[in-house]
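User: I have a structure open and would like to talk through it with you. Could you start with whatever sits around the ligand?

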Amino acid sequence: MKTVIVHGQSHEGSTCHVARILAGKLDGETREFFLPSDFGEFCMGCNRCFFEGETACPHHARLAPIIGAMDAADVVILASPVYVYHVTGAMKAFLDHCAYRFMVHRPEESMFRKQGVCICTAAGGGMKPTLKDMEHSLFFWGTGKIYKYGPGVAAANWEGVSEKKKAAIDKAATRLAGKIVRRHGKVKPGMKTRLFFDSMRLFQKKMGICQRDVEYWKEKGWLGSKRPWN
Ligand SMILES: Cc1cc2nc3c(=O)[nH]c(=O)nc-3n(C[C@H](O)[C@H](O)[C@H](O)COP(=O)(O)O)c2cc1C
């Protein structure tokens with residue numbers, strides 16, 4: 001099983017440890033990217049990814065290795081510490097660069113058969129909106145199955161996390177890894193994703209936001225009977 005972790009920070013703190021504990025329980029290889037070290041650009045709002053294609057993004061060259069690794073992976077882990085009740089700015093900047101992959105534009109076909117995990121840690125609060133920040137992107141990218149895990153660690157770094165808490169994290173990661181391993185190779189999106197895909201299909205049929213998106217859906221055969229999860 002191939003796993004990619006996109007870390008929303010560049011240091012190896014609690015969030016990084018939680019993500020690695022989970023990835024370590026999934027057999028196979030893991031690739032990691034740290035933000036902003038590996039990608040720290042801000043979206044400039046040029047809209048070129050939408051209208052001209054993702055390779056027209058001024059930051060395409062730096063973004064491409066992460067996108068390539070996500071496309072090649074079976075499991076995509078997005079992991080961010082909670083910063084003021086949300087993901088880090090670096091994670092948000094990365095997700096902004098993936099907007100063209102939203103179902104309303106040009107979703108990557110393989111996402112519908114992948115599993116995605118949102119991970120965060122917080123001192124005490126803000127896990128829900130932070131997990132939601134990442135879940136929104138995984139959902140709108142069409143990810144077949146999404147899990148969320150956001151423990152409150154009552155600490156500013158991993159060294160400060162109690163042994164009791166670390167044991168609970170390990171237990172939860174084992175349970176989550178078991179689910180992921182059991183589903184591997186059998187992933188199909190649920191009703192919510194399929195219904196959303198269908199509404200986007202009708203939208204592309206009627207008008208779409210831009211010609212590039214409509215052509216993409218046509219080429220994929222999704223305006224006919226083909227579906228990305230079959
Ligand atoms: C800029 C900043 C903002 C933070 N905001 C929150 C917050 O809103 N809620 C919270 O519980 N902890 C907050 N924290 C604490 C971290 O989320 C918490 O210590 C987390 O476990 C750190 O993960 P890390 O070790 O991976 O960096 C914040 C920390 C920083 C540096």
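Analyst: This is a predicted model, and in it the residues that come nearest to the ligand, out of the 17 around it, are His11, Thr15, Val82, Thr121 and Gly124.

User: Okay, and how do the residues of that shell divide into nonpolar, polar and charged?

Analyst: The shell around the ligand is made up of 10 nonpolar residues and seven polar ones, with no charged residues in it.

User: Which backbone atoms lie by an oxygen atom of the ligand?

Analyst: A polar backbone atom of Ser14 is 2.8 Å from an oxygen atom of the ligand, and a backbone N or O atom of Val82 lies 2.7 Å from an oxygen atom of the ligand.

User: And what is 2.9 Å from a nitrogen atom of the ligand?

Analyst: That is a polar backbone atom of Val84.

User: How much of the ligand's accessible area does the protein cover?

Analyst: On its own the ligand has 650 Å² of accessible area, and the protein covers 73% of that.

User: What lies 3.3 Å from a polar atom of its side chain?

Analyst: The backbone nitrogen of Trp158 does, while the backbone of Ser14 is the part that has the 2.8 Å contact to an oxygen atom of the ligand.

User: What about Thr130, buried or exposed?

Analyst: Thr130, which lies in helix α5, counts as buried at 0% relative accessibility. A polar atom of the Thr130 side chain is 2.6 Å from the backbone oxygen of Gly126.

User: Switching to charges. How many salt bridges are there?

Analyst: The count comes to 15 salt bridges. One of them pairs the side chains of Lys148 and Glu135, with an N to O distance of 3.2 Å.

User: What does Glu163 pair with?

Analyst: Glu163 forms a salt bridge with Lys166, and their closest N and O atoms are 3.9 Å apart. Both residues lie in helix α6 (residues 163–183), where they are three residues apart, about one turn of the helix. Glu163 counts as exposed at 61% relative accessibility, and Lys166 counts as buried at 19%.

User: Why does 19% count as buried for Lys166?

Analyst: Buried means under 20% relative accessible area, so Lys166, at 19%, falls on the buried side of that cut-off.

User: And which residue meets Asp198 in a salt bridge?

Analyst: Arg227 does, with the side chains meeting at 3.9 Å, N to O. Asp198 is in helix α7 (residues 191–206) and Arg227 is in the segment after α8 (211–220), so this pair ties together parts that are 29 residues apart in sequence. Asp198 is partly exposed, with a relative accessible area of 34%, and Arg227 counts as buried at 16%.

User: Which residues do salt bridges with shared partners join into one network?

Analyst: Glu12, Arg20 and Glu32 are joined in that way.

User: New topic, the cysteines. How many disulfides are there?

Analyst: The count comes to zero disulfides. Cys46 is in no disulfide, and the nearest cysteine sulfur to it, that of Cys57, is 6.1 Å away. Cys46 counts as partly exposed, at 37% relative accessibility.

User: Last one: where is Ala61 found, and how far is its C-alpha atom from that of Ala172?

Analyst: Ala61 is found in helix α3 (residues 60–72) and counts as exposed at 66% relative accessibility. The C-alpha atoms of Ala61 and Ala172 are separated by 37 Å, and the two residues are 111 residues apart along the chain.

Technical notes:
Residues are numbered from 1 along each chain as its sequence is written. This is a predicted model: local features need pLDDT of at least 70, side-chain atom pairs count only at pLDDT 80 or more; totals for chains, interfaces and linings use all residues. Side-chain values use heavy atoms; hydrogens and water are left out. A salt bridge is a side-chain nitrogen of Lys or Arg within 4 Å of a carboxyl oxygen of Asp or Glu. Helices (H or I, at least four residues) and strands (E, at least two) are DSSP runs, numbered from the N terminus. Buried means under 20% relative accessible area, exposed over 50%, partly exposed in between (1.4 Å probe, protein chains only). A residue is near a molecule or strand if one of its heavy atoms lies within 4 Å of it. A polar contact is a pair of N or O atoms within 3.5 Å; within protein, one must be able to donate a hydrogen and the other to accept it, and residues adjacent in sequence count only if both atoms are side-chain atoms. Accessible areas come from the Shrake-Rupley method with a 1.4 Å probe; for residues, only the protein chains shown count as cover. Ala, Val, Leu, Ile, Met, Phe, Trp, Tyr, Cys and Pro count as nonpolar, Asp, Glu, Lys and Arg as charged, and the others, Gly among them, as polar. A disulfide is a pair of cysteine sulfur atoms within 2.5 Å.
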